[in-house]
Amino acid sequence: MKDDLYAHQHEAVGAFQFDESVVAVFPDMIQRSVPGYQTILTGIGELTTRFAQPNSNLYDLGCSLGAATLTMRRKLEHSDCKIIAIDNSPAMVKRAGEYLHAYHSDVEVDLQCADMTDIPIENASMVVINFTLQFIDPDQRQVLLENIYQGLKPGGILVLSEKIHFDDHNLQSTIENLHWQFKRANGYSELEISQKRSSLENVLISDTADFHIQRLKNIGFKSAGIWFQAYNFASFIAIKS
Ligand code: GEK
C-alpha cells in the first residue's frame, strides 16, 4: 500500500508511532524515505554469509516487518543458527510473523514483541540494528551497545544503520536538502515531507558518524567504521576481535 499518511493537512501533527496505520504502508514508506535501504539489506545478507558462526544466535533488533531477518535467514549457511527478531510494536510483530511464515526455512526464528533494551544478548555472531537505535533514548544507547558487545562471540559483527547529522552547518543543510530531494523524486509532496519531519522531531534523535564510531571504539570494538552511506543515512560495522 502507498504511504499517504501525511498527504493531507493534519490539524496537529502528533509524535510518530509505529501503529497499524504505519504497518500497512511500511514497506513503501521505508523504500521511498531511506536512500540505500535495499542496498543495505543486500549487504546484511552478504555479511551474514561471511560472519554467521555455526550454532550461534543472530539478532535483528527493531525488526519491523522482518526485512533484515528474511535476508539473514536466506543467506545463512548454518541451519543450526537461530535468529532472534525483536520489535516493541505489537502491530509490527503481528505482520512480521505473517511474512516470516509465508516462506519455508530450516532456520529457527524467535520473533518477540519486546523492548530491545530489555533482552539478553547471548552467544551472538551477528547483531543487526537497522535504523532503530535512533529511536532509543540517547541515555540508554551506550548500555545497549555495551550489552551487545558483551554478548557477541569473538569474530562477531554488529551492523548498525542510522540517520546521521553533521556538525558542520553547511554540510548539514546541503545533505539534508539532498534527502528531501530524494523524497520529492519518490513522489512525496512538500506537505508530506514537512509533516513527517514534524512528527519525527524528538522521536528520531540522530548522532554524527564520528560520535557513533568513537562510541563503538570506546566500548571495545577494535574495528568500527562506515561500510555504506547515502546522503544522511549511514551503516556502520563493528567487529569484535
Ligand atoms: C528494517 N529494521 O526494515 N525496542 C524494540 N523495537 C523498537 C524500539 C525498542 N525500544 N523502539 C522502536 N522500535 C527495520 C526498520 S524501523 C525504522 C526499523 C524506521 C521499532 C519500531 O517499532 C519500528 O518497527 C522499528 O524500531 C524502526 O530493516 O521506521 O525508520
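Good morning. Please keep in mind throughout that the structure before you is a predicted model.

I shall begin with the sheet. Seven strands make up an open sheet, and their order is β3-β2-β1-β4-β5-β7-β6. The pairing in this sheet is mixed. At the edges stand β3, residues 108-113, and β6, residues 223-230. Each of these two has a single partner strand, so one side of each is left without a neighbour in the sheet. On average, neighbouring strands are turned by 15° against each other, direction ignored.

Two pairs of strands illustrate the mixed pairing. Strand β1, residues 57-61, runs parallel to β2, residues 82-87, and five bridges join them. Within that pair, Tyr 59 has Ile 84 of β2 as its bridge partner. Strands β6 and β7, the latter spanning residues 233-239, run antiparallel and are joined by seven bridges. Here the bridge partner of Ala 230 is Phe 233 in β7.

Is strand β1 enclosed by the rest of the structure, or is it open? Five of its five residues are buried, so β1 is largely enclosed by the rest of the structure. Asn 57, Tyr 59 and Leu 61 point one way from the strand, while Leu 58 and Asp 60 point the other way. Residues on both sides of β1 are buried.

Let us turn to the helices. Two packed helices are described by the angle between their axes and the distance between the axes.

The crossing of α1 past α4 is right-handed. Among the α1 residues that meet α4 are Val 22, Val 23 and Phe 26, and the α4 side includes Met 92 and Tyr 99. By class, this contact has eight nonpolar, no polar and two charged residues.

The second pair is α2, residues 37-51, with α3, residues 67-75. Their axes come within 8 Å and cross at roughly 35°. This crossing, too, is right-handed. Leu 41, Ile 44 and Thr 48 are among the residues of α2 in the contact, and Ala 68, Thr 71 and Met 72 are among those of α3. The contact of α2 with α3 has six nonpolar, four polar and two charged residues.

Where does Ser 64 lie? Ser 64 is in the loop between β1 and α3. Ser 64 has a positive phi of about 50°, although it is not a glycine. With a relative accessible area of 12%, Ser 64 is buried. Phe 131 has a positive phi near 65° and is likewise a residue other than glycine. Its place is in the loop between β4 and α5, and at 6% relative accessibility Phe 131 counts as buried.

Thank you for your attention.

Technical notes. Residues are numbered from 1 along each chain as its sequence is written. This is a predicted model: local features need pLDDT of at least 70, side-chain atom pairs count only at pLDDT 80 or more; totals for chains, interfaces and linings use all residues. Side-chain values use heavy atoms; hydrogens and water are left out. A crossing is left-handed if the near helix is turned anticlockwise from the far one by less than a right angle, and right-handed if clockwise. Helices (H or I, at least four residues) and strands (E, at least two) are DSSP runs, numbered from the N terminus. Contact means heavy atoms within 4.5 Å. Ala, Val, Leu, Ile, Met, Phe, Trp, Tyr, Cys and Pro count as nonpolar, Asp, Glu, Lys and Arg as charged, and the others, Gly among them, as polar. Buried means under 20% relative accessible area, exposed over 50%, partly exposed in between (1.4 Å probe, protein chains only). Two strands pair if DSSP finds at least two bridges between them. Axes are lines fitted to C-alpha atoms, for helices over the stretch in contact, and angles run from 0 to 180 degrees between N-to-C directions.
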